[in-house]
Amino acid sequence: VSSMVAVSDIPDWCFREALGDAGAFTLSPSMSVLAKMRACSPAAHASSAASVPHLFLLGNKDVRVPPSQGIVHAKLLKENGAKAVETIMFPEDSHPLAKPRTTIQTMVSICEFLSKHHPTPNVKR
């Protein structure tokens, strides 16, 4: 969350999430504010999250959560021992991943990822 302050199109959201106060927004947060943002950031939990599979679907034109955030988080998970981390970049899409081609590809990718990492047990009917 702390690394998004200077790169997101909604930097005040970082202050709302970390401090409960979007009005506290500043482009130069104090070290204590940055520490609070870090504490509620996914990056602070990468070591415990590394044990489960992760699929990152990133829009290259995303200005809300720039794709660099997802790429760095995927690397951080791997650094913490994650074995199953997949990243798919959609060059022409943004935050909502709403282009028709992207929608189809995300559905296929999610199904493939779940099938690979969370297979359905054979159930007799």
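The model is a predicted one, in which local features require pLDDT of at least 70 and side-chain atom pairs count only at pLDDT 80 or more, while totals for chains, interfaces and linings use all residues. Numbering starts from 1 along each chain as its sequence is written, and side-chain values rest on heavy atoms, with hydrogens and water left out.

Helices (H or I, at least four residues) and strands (E, at least two) are taken as DSSP runs, numbered from the N terminus. Helix α5 comprises the 18 residues 100-117, which at 1.5 Å a residue should span 26 Å, and its end C-alpha atoms, 26 Å apart, agree with this; the expected span is 1.5 Å times one less than the number of residues. Burial is judged by relative accessible area, with buried meaning under 20%, exposed over 50% and partly exposed in between (1.4 Å probe, protein chains only). By that scale, T102, T106, S109 and F113 of α5 are buried. These residues lie on the same side of α5, because they cover an arc of only 70° around the axis, where the arc is that of the directions from the helix axis to the C-beta atoms. The cover over the buried residues of α5 includes β1 (54-59) and β2 (85-90). Turned away from this buried side is a face that carries the exposed residues P100, I104, M107, C111, E112 and S115. For C111, a relative accessibility of 53% is the reason it counts as exposed.

Once neighbours within four places in sequence are set aside, T106 is in contact (heavy atoms within 4.5 Å) with L57, F90 and L97.

The loop between β2 and α5 contains E92. E92 is exposed, its relative accessible area being 51%. Although E92 and G59 are 33 residues apart in sequence, their C-alpha atoms lie 7.0 Å apart in space. Not counting residues up to four places away in sequence, E92 touches K61 and K99. The side chains of E92 and K61 are also joined by a polar contact of 3.1 Å. Such a contact is a pair of N or O atoms within 3.5 Å; within protein, one must be able to donate a hydrogen and the other to accept it, and residues adjacent in sequence count only if both atoms are side-chain atoms.

Attention now turns to the aromatic rings. Rings of Phe, Tyr and Trp (its six-membered ring) pair if their centres lie within 6.5 Å, with planes under 30 degrees apart counted as stacked, over 60 as edge-to-face and the rest as tilted. The ring centres of F15 and F25 are 5.5 Å apart and their planes stand at 85°, so the pair is edge-to-face. Because F15 belongs to helix α1 and F25 to the loop between α1 and α2 (31-39), the pair ties together parts that are ten residues apart in sequence. F15, at 1% relative accessibility, counts as buried, whereas F25, at 34%, counts as partly exposed.

The cysteines complete the picture. With a disulfide taken as a pair of cysteine sulfur atoms within 2.5 Å, the count comes to zero. C14 is in no disulfide, the nearest cysteine sulfur being that of C40, 8.7 Å away. C14 counts as buried, at 0% relative accessibility.
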